[in-house]
Amino acid sequence: EAYVKFAFFDKSQKASRKATPAFLADAFDYNETSGELICPTGKVMTHSYDTIERTSTGYKRTISTFKASSCSTCPMKEMCVKPGHENREVAIDLDFRRYKKKATALLVSELGVRYRKKRPIDVEPVFGNIKNNHGFKRFKLRTKNKAEIEIGLLCIAQNLRKWQA
């Protein structure tokens, strides 16, 4: 299992102590069995279409768009629906949401908290030492094989420095 923090994990933990803003996409609950999204006021939003996006790193992700059938009678329409639109439309990446939920469960578990407390002590000082005290800011060699050799030599040097101390 990977106990690695995702982007904005710390921010989401601080935000969870406060109330989540009611009409952000994260506030909408997804019903796995029916494949519908439930808005904060309890209305059902049906799946409309999927689009496939490619990130800057080349990763493909599927964005699912859900639309509400009727927001005209909703008392929260002013705060929820964009001006000029009739009904609310929400686009989410269901896979990312699922991965994020799994990662959060691991990270807030007892073992995950222990790992998160340990990382700043074990790992970060080594990177800080290599970068600031020994001036390694970027690889000098190109290609994966040469970069692996360079990082290997760097690790050997780091271990020798620790062994001498």
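## Salt bridges

D26 and K100 join their side chains in a salt bridge at 3.7 Å, N to O (a side-chain nitrogen of Lys or Arg within 4 Å of a carboxyl oxygen of Asp or Glu). D26 sits in the loop between α1 and β1 and K100 in helix α3, so this pair ties together parts 74 residues apart in sequence. D26 is exposed at 55% relative accessibility, while K100, at 25%, is partly exposed (buried is under 20% relative accessible area, exposed over 50%, partly exposed in between, with a 1.4 Å probe and protein chains only).

Keep in mind that this is a predicted model, where local features need pLDDT of at least 70, side-chain atom pairs count only at pLDDT 80 or more, and totals for chains, interfaces and linings use all residues. Residues are numbered from 1 along each chain as its sequence is written, and side-chain values use heavy atoms, leaving out hydrogens and water.

The structure holds eight salt bridges. Another one pairs E1 with K102 at 4.0 Å, N to O. Here E1 comes from the segment before α1 and K102 from helix α3, 101 residues apart.

## The sheet

Five strands make an open antiparallel sheet, ordered β1-β2-β3-β4-β5 (strands are DSSP E runs of at least two residues, helices H or I runs of at least four, numbered from the N terminus; two strands pair if DSSP finds at least two bridges between them). β1 (29-31) and β5 (89-92) are the edge strands with a single partner each, so one side of each has no neighbour in the sheet.

Inside the sheet, β2 and β3 pair over two bridges, and L37 stands opposite M45 in β3.
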